[in-house]
Amino acid sequence: MNETAKSSRGARTKGDVLLEIRNLQIEGESDEVWQPIVRGVDLTLKRGEVLGLIGESGAGKSTIGLAAMGYARGGCRISGGSVVFDGIDLLTASDETRRKLRGTRIAYVAQSAAASFNPAHRLLEQTIEAELREGFRTKAEAEKDAIELYHRLRLPNPEEIGFRYPHQVSGGQLQRAMTAMAMTCRPDLIIFDEPTTALDVTTQVEVLAAIRDIVEQFHTAAIYITHDLAVVAQMADRIKVLRYGKSVEEAPTREMLTSPREEYTRSLWSVRKLGKQEQPGGEPILQVKNVTAAYGNAVRVLSDVTVTVPRGRTVAVVGESGSGKSTLARVITGLLPPIEGQIIFNGKALPRALKERNADTLRRIQMIYQMPDTALNPRQTVYEVIGRPIEFYRGLTGAKKEARISELMKLIEMDDSYVDRFPGELSGGQKQRICIARALAAEPELIICDEVTSALDQIVQEGILQLLMRLQRELGVSYLFITHDIATVRAISDEIVVMFQGRVVQQGPKTQVLSPPHPPYTELLLSSVPEMDPDWLTNLLARRKAQPEAMKAGDR
Amino acid sequence: MNPVLRTILQRLGLGIATLFVVSIIISLTIEMLPGDFARAVLGQSATPETVAAFQREIGLDRSPVVRYFNWISGVLRGDFGESYASAGSLAGHRRLVAEMIGPRLLNTLFLAGAAALIAVPLSLFLGFMAALYRNSFFDRAVNVVSLTSISSPEFFLAYILIMFLAVKFPIFVSLASITPNMPFLDRLHAIALPTLTLVLVIVAHMMRMTRAAIINLLASPYIEMSRLKGARPMQVILRHALPNAWAPIANVIALNLAYLVVGVVVVEVVFTYPGIGQLMVDAVSKRDLPVVQGCALVFAGTYILLNLLADIVTIVSNPRLLHPR
């Protein structure tokens, strides 16, 4: 309601204390034992203030965010401390008191809007549910207001979009609709729980801008949870770094970015500084020539794609989701035979379909996937996972096989003692290392890495990327590296292929693709990657306002 | 064409095809039944000539294929043939199978309908409550009671009910004999005990599936979201979980309703209720094959129809199908 507070960010008036969390303790149950997740966190938030919570997965960010609503997920319990919201202690208040605050005075915006909207109801119905239930407005008023919010959040077709079902709307639009839903009751506090993590960078810019504007317009206090420092730098007045459920440090945004005090905070920054000297390309190991592919008789997913991978080099394929990156991998491996075009490997055309290729061809091209959890059979030990391709491709058994497994474990910098473990007993980064060892076991010439670091925390990502680069130096293996993350591309590639809607829009050596002038889509993609500068988003939006046509491709 | 309508028509066509296949299987099975109707009626002492003449009269001398086509073409015109049992009687009063099955089927549907009207809402309600108060005393109690009733044989439940509600406390009657011109309320009174027995038998299944389908959804992010939007616990279940849980619930309801029509012979026997189940058992023991065939076809049709309805509910409750992109 406070629409007068339009002063610029950072300089806007902060009110009295809205939320005060003291010595918060939260435990989670695993195997019938209660383990601490959050260990004594303090947090103070004033009216109209945005606090960024940052940390790796498992740091307790989301758990703290939910605790600010007096809510604990199943299998968790708040075991100590206090959460005082506007004079009400949420931990001692009655269920009914807490319930009435939720959705009205404290709202929540979830990470995956696609999963958090109920598939059975229209968006508008869900948007206005809380205010109708509490009788704040009549249905007609509420709908009018919701449409007005859709307008402000710059949703396309705001009059109509509310009558759609969640599956009929894109992820970026859903995320904005969810922000509208949070705003309907004009809450005092909104918890944003990684609202843009599942989005492409090009879409992320739009959502970030929309969220920031509306939070400022209504002078809403917010807790903004993310693992992406550059994102939080755009959104927050203050940043709090968490690790293992404890506070590491807390400071105003600019101060935190320029002079972090703790070693851990600095390490969060470091990943983005990883870089590789670009190597000039040599003789090609893989050539994808004029490939066109489709699923069934449906729309073409790839049209006329030509990509070359030089031996011993890394070619990064970048683009947003739906651009055909993973389909390209499926075509190269033979999982999806192309409609037109050729795959030339080591100078010879490969059969289109997987089943027509012989074992030796299969051996030479290996794949590593995004989700190591689902890529590893949970019932096989590391020994079986790595041993199988050794036996299958190399015919080694017994002591020779064991020697080879131990060699591979050394290559991926893991101890031999892990070979008897099941995937469930390994961390995410360790599982991805096992996937790498499994690919190496076949002694391939080309490894296709499909978003291999996307599911991992920044620090673990860095370890995996360094491992991949070292393996390339030592073994001369070539990578086709599929990713949507530009920081990763900068870190490891020699050449870059930019894809958009199933076509290659630009390709060339890294330095060339990354330095201007760029074709329009590359420009949009590169300029959308958040930077540590807290003014980045403001400046970017100002620049784009000057050239409105650049926004078109990103508005989805 | 609307994709939902198309899917439904496809299912309908598939259902009719299934019914055809079932009709062939029924005829084949009956062909393989041991024993001979003519001998069963005429007795051991009948001469081969008498037997042959009798077989000619009821058409048993023709080949199975011809008999199948005669039968199925009749069925398509609504004629289920004549009962063998009446063919043998010298009075010459021939009874049509349709005439025999019709009233019995109505009785069965009456009993099934009464049981369904109680059991379906009751099991949905108990399922919601059990999901809402998961692992509470209420949840456990409902589970134990329903599991006990589903694990006991139906006739046992029936006799227990008779003992308490008809013998010790004569509220209801133990013989559920009804006649066509009985007043409606008297009929309800007469079928109270068999209805209660059937309700006890089918509630557990449906209630447990309802509970499981809803609990399965309670872990979804959109359910957590509805809680974080301050929805009341009952709203969470009814408004946010239930619309997404209809598919499995509808399927188990369809199976149980089908059971009410085709599987109640034991209950009919205990309460001497003149339903279609008894008719079929009698017909089998008398080798009255047209009646057996007719009953079997009605049962198959019931199953197929109810499963078709469940399929339609599944399709209609899925907004992705109902509202394509």
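In this predicted model, Arg363(A) and Asp360(A) form a salt bridge, with their closest N and O atoms 3.1 Å apart. Both residues belong to helix H14 (residues 359-364) of chain A, and because they are three residues apart there, about one helical turn separates them.

With Glu20(A), the closest N and O atoms of the salt bridge are 2.4 Å apart. Arg22(A) also forms a salt bridge with Asp42(A), where the closest N and O atoms are 3.9 Å apart. This second pair links distant parts of the chain, since Arg22(A) lies in strand S1 (residues 17-30) of chain A and Asp42(A) in strand S2 (residues 33-46) of chain A, 20 residues apart. As for accessibility, Arg22(A) is partly exposed at 32%, Glu20(A) is partly exposed at 28%, and Asp42(A) is partly exposed at 37%. In general, side chains of opposite charge can pair when their charged atoms come close.

Now to the interface. The contact involves 29 residues of chain A and 20 residues of chain B. About 2400 Å² of area is buried between the two chains, and carbon and sulfur atoms give 54% of that area. On the side of chain B, Met225(B), Leu228(B) and Lys229(B) supply 29% of the area buried against chain A, more than any other three residues.

Three salt bridges span the interface of chain B and chain A. A salt bridge also joins the side chains of Glu129(A) and Arg239(B), at 3.5 Å from N to O. On chain B, the elements that give two or more residues to the side touching chain A are helix H11 (221-228), helix H12 (233-241) and helix H17 (319-322). Of these, H11(B) provides the largest share, six residues. By class, this side of chain B has eight nonpolar, five polar and seven charged residues.

Conventions:
Residues numbered from 1 in each chain as written. Chains lettered and ligands numbered in written order. Predicted model: local features only at pLDDT ≥ 70, side-chain atom pairs only at ≥ 80, totals over all residues. Heavy atoms only, no water. Salt bridge = Lys/Arg side-chain N within 4 Å of Asp/Glu carboxyl O. Buried < 20%, exposed > 50% of the residue type's maximum accessible area, 1.4 Å probe, protein only. Helix = DSSP H or I, 4+ residues; strand = E, 2+ residues; numbered from the N terminus. Contact = heavy atoms within 4.5 Å. Buried area = accessible area lost by both parts, 1.4 Å probe. Nonpolar A, V, L, I, M, F, W, Y, C, P; charged D, E, K, R; others polar.
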